[in-house]
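Subject: Handover of a structure and the findings

Dear colleague,

Please find below the structure that I am handing over to you. My findings follow it.

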Amino acid sequence: MSWSILRHFRLQAYDAGPSHILRCSRLLEHYPQGTSPRRLFSNSLRAESGHNKWSTIKHTKFANDAVKNMMAMKHSRAIVAAAKIGGTDPDSNARLYNALEAAKRASVTKKTIESALRRAAGIGSSDGKVVLENVTYEAIGPGASAIVIEALTDNKARTVTSVRTCLTKQACQLGPALFFFDRKGVIRIIKRTVPEGSEGTPSVIDFDEIFEHAIEAGAEDIEKLEPDEEAEGLEAELPVYQILVDPVDTAKVAQEMKDSYGYDIKEMGIEYVPKNESTVELTDSQGETMRKVVESLNEIDDVQDVYTNAK
């Protein structure tokens, strides 16, 4: 409440009686002209604090934007690395095709993808552009489990320091682990989109049928997994079918499963898959430690993927 308004109230108080005049006069004497009083205890009306919907969601929005930006940067680096190895034509570069599909599934904007492709065209040139390198780190995790970390970096010394720090905080360390894994192309399918006019029910997959289709398309093996806990809607109730292929055939097999048999490709890529005889069963406390390790590693900007043989 401003001084001028208080003065106005004092003039109006003459009509209300001596007690109102005294109260307003004392209030004016307490605050010189040109200043606004600080409200202490009062039963009078007050101005609102200015809180609105934006003030309650902005912190959450900033956190979500940070995660989206980090994911966009990771996918951009993967695109650049794939183009560096096999060229910028996705039709002849399976790794680039996989990177582009992964970026699209993660809702990376078209502008970001095109920018990554433009940068990829100048990788390794002598015009001062940053050269990114693929690096793989091996580690021993809780319960003697194995961890493989793939990163894309322009400074290997910085990246290995960050990785080692994350591992050390959870009593883990760098060590040999790759022999527990096979390098495979991985295609994950949850549902099937049936073309109009065709027989069948959308989203329902028969294991024997998809197994036959996958083998005909060139797959090496197929496994039925539990539903994805992070999926939404109907996908959270449907099993995941994981198809393993030779890395160079990943794009070809995925395209065949999509175009010829109508399967909806959820994920595809080239990953480190743990060998069946090498998986490790962790206790509850060890599993919690592994969760913290994986989360902290994924927070490193240079880290692209983290694999483990722990159950």
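Among contacts in the protein between residues at least 6 apart in sequence, what percentage join residues at least 24 apart? The figure is 66%. Please bear in mind throughout that this is a predicted model.

I begin with the protein as a whole. Nine helices and eight strands are found in it. The protein has 311 residues, and 36% of them are buried.

The nonpolar cores come next. The largest of them holds 20 residues, and those that touch the most other members are Ile187, Ile189, Ile210, Ile243, Met257 and Tyr263. Two or more residues of this core come from each of strand 4 (181-192), helix 7 (207-217), strand 6 (240-245), helix 8 (250-259) and strand 7 (263-274). Helix 8 is the element that gives the most, with four residues. Once neighbours within four places in sequence are set aside, tyrosine 263 is in contact with Ile189, Lys191, Arg192, Ile205, Glu209, Ile210, His213, Met257 and Lys258. There is also a second, separate core of 19 residues, and Val135, Ile147, Ala151 and Val163 are included in it.

Glutamate 150 deserves a paragraph of its own. Strand 2, which covers residues 146-153, contains glutamate 150. Is glutamate 150 buried or exposed? Its relative accessible area is 12%, and because the limit for a buried residue is under 20%, glutamate 150 counts as buried. Its side chain makes a polar contact with the side chain of arginine 183 at 3.0 Å, and another with the side chain of tyrosine 307 at 3.4 Å. Leaving aside neighbours within four places in sequence, the residues in contact with glutamate 150 include Val135, Thr136, Tyr272 and Asp302.

I then turned to the cysteines. How many disulfides does a search of the whole structure find? The search finds zero. Cysteine 166 is buried, with a relative accessible area of 13%, and cysteine 172 is buried as well, at 6%.

Helix 4 spans residues 94-105, twelve in number. From its first C-alpha to its last it reaches 17 Å, close to the 16 Å expected at 1.5 Å a residue. The buried residues of helix 4 are Leu96, Tyr97, Asn98, Ala99, Leu100, Glu101 and Ala103. Lysine 104 also has its place in helix 4. Why does lysine 104 count as exposed? Its relative accessibility is 53%, and exposed means over 50%, so lysine 104 falls in that class. Between the C-alpha atoms of lysine 104 and histidine 75 the separation is 9.4 Å, although these residues are 29 residues apart along the chain. Just after helix 4, serine 107 takes a positive phi of about 65 degrees.

Finally, serine 76 lies in helix 3, which runs over residues 53-86. Serine 76 is buried, with a relative accessible area of 8%. Not counting residues up to four places away in sequence, serine 76 touches Thr112, Ala116 and Arg119.

With kind regards

Definitions and conventions: Residues are numbered from 1 along each chain as its sequence is written. This is a predicted model: local features need pLDDT of at least 70, side-chain atom pairs count only at pLDDT 80 or more; totals for chains, interfaces and linings use all residues. Side-chain values use heavy atoms; hydrogens and water are left out. Buried means under 20% relative accessible area, exposed over 50%, partly exposed in between (1.4 Å probe, protein chains only). A polar contact is a pair of N or O atoms within 3.5 Å; within protein, one must be able to donate a hydrogen and the other to accept it, and residues adjacent in sequence count only if both atoms are side-chain atoms. Contact means heavy atoms within 4.5 Å. A disulfide is a pair of cysteine sulfur atoms within 2.5 Å. A nonpolar core is a set of buried Ala, Val, Leu, Ile, Met, Phe, Trp, Tyr and Cys residues joined through side-chain atoms within 4.5 Å. The expected span of a helix is 1.5 Å times one less than its number of residues.
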